[in-house]
Amino acid sequence: MSLPLGQLPLPSFAPAHPIQQDRKGKQRATIPPLQRYNTEFRPCYIVKPRERYPHTHTIIFLHGLGSTAEEFASELFESEASPAWPPSRNLPQLLPTVKWVFPRAPILRSERFDEDMSQWFDIWSVEDPSQRPELQVPGLQQSIEYIHSVIDLEAALVDGGRSKIFLAGISQGFATALAAFYATPSKWGPASGSRALAGLIGISSWLPFAQPLSNCWSRIVEISNAGNAQRGSPAHLETTVAMANTPVLLQHCEDDGVVPVESIDQMTDAFRWILMRGETIVYKNGGHWVNEPLGVDDFARFVWKYM
């Protein structure tokens, strides 16, 4: 499937690596090995709105551990909605005014597997993120800062700013997106309107640091290295309302063999802890991926609802 390719300039980070085609014709970045935490963020992979449609919203979508932006985008756009909607059955067709932004994770050394991997932060076990939590901190710190940069740049390119941006992710990608959303509440003030962002969408994911919930959120704020509005101040209250008003969609499949389906319950409880209410959908099958076709249907309906 041919995808329009663009690049989002991030002048504070290193330039993109050359793009080459593999034997299946897919475009992939040629990435040299890096030392752990010598994080190099490359320009995002961009899919523009469909031809002759205006750009009304942006979805920033983070891929999972071991994947790449190009590979993830290609597979995501091959996933189809229900036959009731022919011929518009993939997400770019269903959401023609959306600009898709796929950030690229850096290559970090895996402590457990002793090899370089595409990952937003190192983690010992996705089945139990509470194991060796100190491994998550350095990479997550840098990834939070990077995702904030992407959000700021994209907000300047769409009318309505952050209120027109959905932040999404699959697996470790949403764990990172969630941390970036919660880490610096001072970003989500009244400039965004009644919501901090248009919405959050998580697929087959988990909580960074896991339980207990209070420790999870406090650790995220602690590692963000960013000042927040003073608790109880008008700015803090406005921010709290904006975050709480941000809609959330969580999807998971019962037969996910990578991240236990029970993780979605932990995430739902975590959102309630900070007064956010999410829509949680569990599908019978689909593995560690978006369910077809119902998951694609629900994804599109959620975006339509909050556009």
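In the predicted model, Leu-167 is in contact (heavy atoms within 4.5 Å) with Ile-60, Leu-62, Ile-147, Ile-151, Phe-174, Ala-177, Leu-197, Gly-199, Leu-200 and Ile-201, where residues up to four places away in sequence are not counted. The model is a prediction in which local features require pLDDT of at least 70 and side-chain atom pairs count only at pLDDT 80 or more, whereas totals for chains, interfaces and linings use all residues. Residues are numbered from 1 along each chain as its sequence is written, and side-chain values use heavy atoms, with hydrogens and water left out.

A nonpolar core is defined here as a set of buried Ala, Val, Leu, Ile, Met, Phe, Trp, Tyr and Cys residues joined through side-chain atoms within 4.5 Å. The largest nonpolar core comprises 44 residues, of which Ile-60, Trp-120, Ile-147, Leu-167, Phe-174, Leu-200 and Phe-271 touch the most other members. At least two residues of this core are supplied by each of strands E4 (44-47), E5 (57-62), E9 (165-170) and E11 (248-253), and likewise by each of helices H3 (136-155), H4 (172-183), H6 (234-244) and H7 (263-273). These elements are DSSP runs numbered from the N terminus, with helices (H or I) of at least four residues and strands (E) of at least two. Helix H4 gives the most to the core, namely 9 residues. A second, separate core contains 33 residues, including Phe-77, Phe-102, Val-290 and Val-303.

Two members of the second core, Phe-77 and Phe-102, also take part in aromatic pairing. Rings of Phe, Tyr and Trp (its six-membered ring) are paired if their centres lie within 6.5 Å; planes under 30 degrees apart are stacked, those over 60 edge-to-face and the rest tilted. The structure holds 14 aromatic pairs. The ring centres of Tyr-45 and Phe-102 are 6.3 Å apart and the planes stand at 55°, so this pair is tilted. Because Tyr-45 lies in strand E4 and Phe-102 in strand E6, the pair ties together parts that are 57 residues apart in sequence. For Phe-77 and Phe-102, a centre distance of 5.7 Å and a plane angle of 70° make the pair edge-to-face. This pair links helix H1 (residues 69-78), which holds Phe-77, to strand E6, which holds Phe-102, across 25 residues. Phe-77 is buried at 1% relative accessible area, and Phe-102 is buried at 0%; Tyr-45 is also buried. Ring pairs join Tyr-45, Phe-61, Phe-72, Phe-77, Trp-100, Phe-102, Trp-289 and Phe-299 into a cluster.

With a salt bridge taken as a side-chain nitrogen of Lys or Arg within 4 Å of a carboxyl oxygen of Asp or Glu, the count is 5. One of them joins Glu-154 and Lys-99, with the closest N and O atoms 3.1 Å apart. Glu-154 in helix H3 and Lys-99 in strand E6 (residues 98-102) are 55 residues apart, and their pairing links distant parts of the chain. Glu-154 is buried at 0% relative accessible area, and Lys-99 is buried at 12%. The bridge between Arg-89 and Glu-80 has an N to O distance of 3.5 Å; Arg-89 is partly exposed at 23% relative accessibility, as is Glu-80 at 35%. Arg-301 and Asp-298 form a further bridge, their closest N and O atoms being 3.5 Å apart. Both residues belong to helix H8 (residues 294-306) and are 3 residues apart, about one turn of the helix. Arg-301 is partly exposed, at 42% relative accessible area.

Key
Buried means under 20% relative accessible area, exposed over 50%, partly exposed in between (1.4 Å probe, protein chains only).
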